[in-house]
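These are my notebook entries on a structure that was new to me. I set down what I looked up, topic by topic.

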Amino acid sequence: MKINIIFFLLLFLCYGCSEENDNQKSATNDLNEIYESLDLKNPDIILNEIAIGEIEPLRISNILSVNNANVPPFRYYFEYLPNTNKISKLLTYNNNQCREEISTIFYNSSNFISKVETLTKDFCQQNEFTTIYNFNYSDGVLKSVISNNTSFIYEKYFSYYPNGKISTIYSVVKPKSDTSPTRQFIKSYFTYDLIGNVKTMENDQTDLYNIKTTYEYDNKTNPMKGFFINNIFGRPIQMAGILSENNIISTKDEYTNFPNNPPIYNYIQYDYMNNNVINFSYGVNSTYFINYE
């Protein structure tokens with residue numbers, strides 16, 4: 001009798017393993033179909049810049065925002081893996097004082113980010129939820145970041161130039177209730193200068209405004225390069241700033257499908273100490289202060 005019980009227990013466990021493997025294979029096949037449909041290009045050199053999870057050259061302790069609207073600041077606090085510049089945890093406090101986010105970063109055997117788990121606590125609504133951002137690789141190349149929570153699904157897919165820089169990002173944000181296989185992508189195309197800074201980024205939103213942004217830079221090291229983590233909504237910097245070696249000092253936005261609209265110019269000001277950025281300001285509206293360890 002004891003032998004029969006052990007046999008059925010092993011059979012049950014094996015069935016569970018088989019079912020889990022089948023689910024993983026199915027998910028992988030679905031992703032591969034999307035990669036093929038988007039014709040994502042692999043690089044000759046693997047950089048995976050937004051999956052390194054490092055802050056260079058100095059470890060940032062925190063970033064605090066101040067604004068002229070008398071609104072409480074955004075606050076970001078960093079924790080690191082021992083003796084490294086790799087972020088292990090990011091604490092974000094929302095400026096409405098109701099919400100905090102605790103993001104825990106996990107790495108794979110190649111020292112690239114494998115996933116980010118973000119616990120969001122809403123004290124005003126008295127609820128909390130977890131969003132998991134899965135970083136998906138193929139042949140060592142980051143091909144997508146896919147996440148979901150109780151309300152939304154976020155998807156980003158990456159195509160590359162041969163030198164390892166990102167050439168195109170395909171983005172989708174849709175309600176979780178939307179089970180349609182159709183995806184309405186926002187496509188972002190990047191060009192670079194010889195230093196490795198994003199020169200232009202052009203967003204193609206199909207039936208909406210298509211914007212081409214041209215960037216200018218200083219000659220100082222960008223402390224926020226690679227600070228993607230869970231940067232779905234561009235806080236506190238734009239995607240171009242995450243991909244660039246230097247700091248953006250100006251942007252020019254042009255509506256490519258409405259050529260008669262005048263371009264919009266924006267300027268970012270910086271203060272430095274020993275060539276390190278200690279704060280940056282978007283016009284007169286808000287300033288971010290960077291404190292290093």
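**Entry 1: nonpolar cores**

I began with the largest nonpolar core, which has 46 residues. By nonpolar core I mean a set of buried Ala, Val, Leu, Ile, Met, Phe, Trp, Tyr and Cys residues joined through side-chain atoms within 4.5 Å. I use buried for under 20% relative accessible area, exposed for over 50%, and partly exposed for what lies in between (1.4 Å probe, protein chains only). The members that touch the most other members are Ile50, Phe78, Ile87, Phe135, Ile166, Phe190 and Val198. Helix 2 (residues 239-243) gives the most to this core, with 4 residues. I take helices (H or I, at least four residues) and strands (E, at least two) as DSSP runs, numbered from the N terminus. I also noted a second, separate core of 10 residues, which includes Ile34, Leu38, Tyr157 and Phe185. As background, nonpolar side chains tend to be buried together in soluble globular proteins.

I recorded that this is a predicted model, in which local features need pLDDT of at least 70 and side-chain atom pairs count only at pLDDT 80 or more, while totals for chains, interfaces and linings use all residues. Residues are numbered from 1 along each chain as its sequence is written, and side-chain values use heavy atoms, with hydrogens and water left out.

I then listed what Phe190 touches, not counting residues up to four places away in sequence. Among them are Tyr161, Ile166, Val198, Met201, Met239 and Leu243. Here I count a contact when heavy atoms lie within 4.5 Å.

**Entry 2: strand 7 and its partners**

Is strand 7 mostly covered or mostly uncovered? I found that strand 7 (residues 141-148) is mostly covered, as 7 of its 8 residues are buried. On one side I looked at strand 6 (residues 127-138), which pairs with strand 7 in the antiparallel sense over 7 bridges. Two strands count as paired if DSSP finds at least two bridges between them. Phe135 has Val145 in strand 7 as its bridge partner, and Phe135 is also one of the core residues that touch the most other members. The hairpin of strand 6 and strand 7 has 2 residues between the strands, and Asp139 takes a positive phi near 55 degrees there.

Next I followed the chain to strand 8 (residues 152-160), which runs antiparallel to strand 7 and is joined to it by 5 bridges. These two strands also form a hairpin, with 3 residues between them. Asn148 stands opposite Ile153 in strand 8.

**Entry 3: aromatic rings**

A search of the whole structure gave me 15 aromatic pairs. Rings of Phe, Tyr and Trp (its six-membered ring) pair if their centres lie within 6.5 Å; planes under 30 degrees apart count as stacked, over 60 as edge-to-face and the rest as tilted. I examined Tyr35 and Tyr157, an edge-to-face pair at 6.2 Å centre to centre with 70 degrees between the planes. Tyr35 lies in helix 1 (residues 2-38) and Tyr157 in strand 8, so the pair ties together parts that are 122 residues apart in sequence. Tyr35 counts as buried because its relative accessibility is 7%. Tyr157 is buried as well, with a relative accessible area of 0%. The rings of Tyr270 and Tyr272 are stacked because their planes meet at 20 degrees, with the centres 6.1 Å apart.

I also noted one aromatic cluster formed by Tyr35, Tyr157, Tyr170 and Phe185.

I then looked for charges over rings, which requires NZ of Lys or CZ of Arg within 6 Å of the ring centre and within 35 degrees of the ring normal. Lys220 lies over the face of Tyr272, at 4.8 Å from the ring centre. The charged end of Lys115 sits over the ring of Phe106, 5.0 Å from its centre.

**Entry 4: the disulfide**

How many disulfides does the structure hold? I found 1 disulfide, where the term means a pair of cysteine sulfur atoms within 2.5 Å. The disulfide joins Cys98 to Cys124, with an S to S distance of 1.6 Å. The link of Cys98 and Cys124 is left-handed, with -60 degrees about the S-S bond. Cys98 lies in the loop between strand 3 (87-93) and strand 4 (99-107), and Cys124 in the loop between strand 5 (113-122) and strand 6, so the pair ties together parts that are 26 residues apart in sequence. Cys98 is buried at 16% relative accessible area, whereas Cys124 is partly exposed at 47%.
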